[in-house]
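Hi everyone, thanks for coming. I'd like to walk you through a structure today, so please have a look at the screen while I talk.

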There are 2 protein chains.
Amino acid sequence: VPAVDLPEIEFWFDFGSTYSYPAAVNIEKLAEVHGLAVKWRAFVLGAIFQEQGWPDSPFNIYPLKGRYMWRDMERICQTQDLDFNRPTTFPRNGLLAARVTSAAEGAPWLGSFVRQIFTANFVLDLDIADIDVVRSCLEVLDLDPNPILDAAAAKENKDALRTQTDRAKQLGIFGAPTFISNDEIFWGNDRLGQAITWAKRDA
Amino acid sequence: VPAVDLPEIEFWFDFGSTYSYPAAVNIEKLAEVHGLAVKWRAFVLGAIFQEQGWPDSPFNIYPLKGRYMWRDMERICQTQDLDFNRPTTFPRNGLLAARVTSAAEGAPWLGSFVRQIFTANFVLDLDIADIDVVRSCLEVLDLDPNPILDAAAAKENKDALRTQTDRAKQLGIFGAPTFISNDEIFWGNDRLGQAITWAKRDA
């Protein structure tokens, strides 16, 4: 059976982003149900925040927004029966995990790895910037971490992630998660369903 | 038949707020279906933005957010078969209409008036700060505008609206629309359905 070119949904996310966590958990199974291919697009949200004049997450800069978000995350995760523990550090630095994601583009285990990292950050309260944490997220998937971490650390891959963040800016992305579906932007975990419907518009 | 005390959903909105428009159109019929009473809570969002350090709408201050919002509004209104024209002035000053809303608390025509003002702003591109526009929104409902506008302009009513905006701050409201349902905050037009479900939790 020849591979069919499925319509795509791009999932732009940062591993430190709270609302990216439920989206990351749900997108692959939803996409499968709807016959879509997920493109995992990790990027460095902090670089985009900097350009908006925010040296930190807006959830830290604007306490009202932050207070709301933490309660909202609890409700969302409760509704979906998803474990959630507020991390002791927020936002965590997802650069290393994003480099692994970039280096592993197209790998069949990529979705599982992404979810492992989000679980490390938002359930286990682990420092995802720590290479040993990333290593264990690979090991738990029965992968040999060394060649993967080497590929992640290669200059070309670091450059590729930088290019990807630049592309996020060019696309007009200003937050995470963001979905690109049929050339249109949908911002926020709330919009996953709408983005999926939009991807199938011309399908 | 004695009146039944329905569970309530509070709808906090500003007449200049784009996403408040579809929420205002939908909330009353949705609430009716689910056996809820709508409490219309107009407030002055600009006063809250000022406290966050924003002298203008964040959609004007952050162009990426603004560009996304205008396209998103088009999509939302298209999906709901709702007329929408980007106003030539944004955000419009909804103070006068908010004062009418405050003065008319409990009036059976209040929902219709709120929708007329949103239509004036986001469909007809009229200046809702103009007393003649507000007057015509009342007249089209077969109301005598004069006593209503007098009540809106009364000092006690102006104070009541100021108190309402202060209450919004105390509740932790930072944007519009916001729903208060069973003592919890839900922010954004997207969350209307969730807020309705939450209102019925203990019902």
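This is a predicted model: local features need pLDDT of at least 70, side-chain atom pairs count only at pLDDT 80 or more; totals for chains, interfaces and linings use all residues.

Residues are numbered from 1 along each chain as its sequence is written, chains are lettered from A and ligands numbered from 1 in the order in which they are written, and side-chain values use heavy atoms, with hydrogens and water left out.

Because its relative accessibility is 74%, Asp81(A) counts as exposed. You'll find Asp81(A) in the loop between helix 4 (63-79) and helix 5 (95-103) of chain A. Its phi is positive, about 55°, although Asp81(A) is not a glycine. Why point that out? Because most residues other than glycine have a negative phi, and most peptide bonds are trans. Asn182(A) is another non-glycine with a positive phi, about 50°. That one sits in the loop between strand 3 (178-181) and strand 4 (184-187) of chain A, and with a relative accessible area of 31% it is partly exposed.

While we're on backbone geometry, hop over to chain B. Phe90(B) and Pro91(B) are joined by a cis peptide bond, with omega about -10°. There's also a cis bond between Ala176(B) and Pro177(B), where omega is about 0°. Pro177(B) lies in the loop between helix 9 and strand 3 (178-181) of chain B.

Let's zoom out. How many helices and strands are there in chain A? The count is 10 helices and 4 strands, where helices (H or I, at least four residues) and strands (E, at least two) are DSSP runs numbered from the N terminus. The radius of gyration of chain A, taken over C-alpha atoms, is 16 Å, close to the 17 Å that the globule rule (2.2 Å times the number of residues to the power 0.38) gives for 203 residues, so chain A is as compact as a globular protein of that length. Of those 203 residues, 52% count as buried.

Now let's go inside. Phe113(A) is in helix 6 (residues 110-122) of chain A, and at 0% relative accessibility it counts as buried. What does Phe113(A) touch, if we skip residues up to four places away in sequence? Its partners include Val100(A), Val134(A), Cys137(A) and Leu141(A), with contact meaning heavy atoms within 4.5 Å.

Cys137(A) is itself buried, with a relative accessible area of 4%. Cys77(A) counts as buried too, at 1% relative accessibility. So do these cysteines pair up, or stay apart? The sulfur of Cys77(A) is 17 Å from the closest cysteine sulfur, in Cys137(A), which is too far for a bond. Across the whole structure, the search finds 0 disulfides over all chains, a disulfide being a pair of cysteine sulfur atoms within 2.5 Å.

At 9% relative accessibility, Asn157(A) counts as buried. Leaving aside neighbours within four places in sequence, its contacts include Arg99(A), Ser102(A) and Ala151(A).

Last topic: how the two chains go together. Chain A can be laid on chain B with an RMSD of 0.0 Å by a turn of 180° and a shift of 0.0 Å along the axis, superposing by least squares on the C-alpha atoms of residues with pLDDT of at least 70 in both. That is the relation of a two-fold axis. In chain A, the C-alpha nearest the axis belongs to Asp190(A), 3.6 Å from it. The same surface serves both copies, as 100% of the contact residues of chain A recur in chain B.The contact takes 23 residues from chain A and 23 residues from chain B. Between them, the chains bury about 2,400 Å², 49% of it on carbon and sulfur atoms; buried area here is the accessible area (1.4 Å probe) that two parts lose on being put together, summed over both. In chain A, Tyr68(A), Arg75(A) and Arg191(A) lose the most area to chain B, together 25% of what that side buries.

Terms used: Buried means under 20% relative accessible area, exposed over 50%, partly exposed in between (1.4 Å probe, protein chains only).
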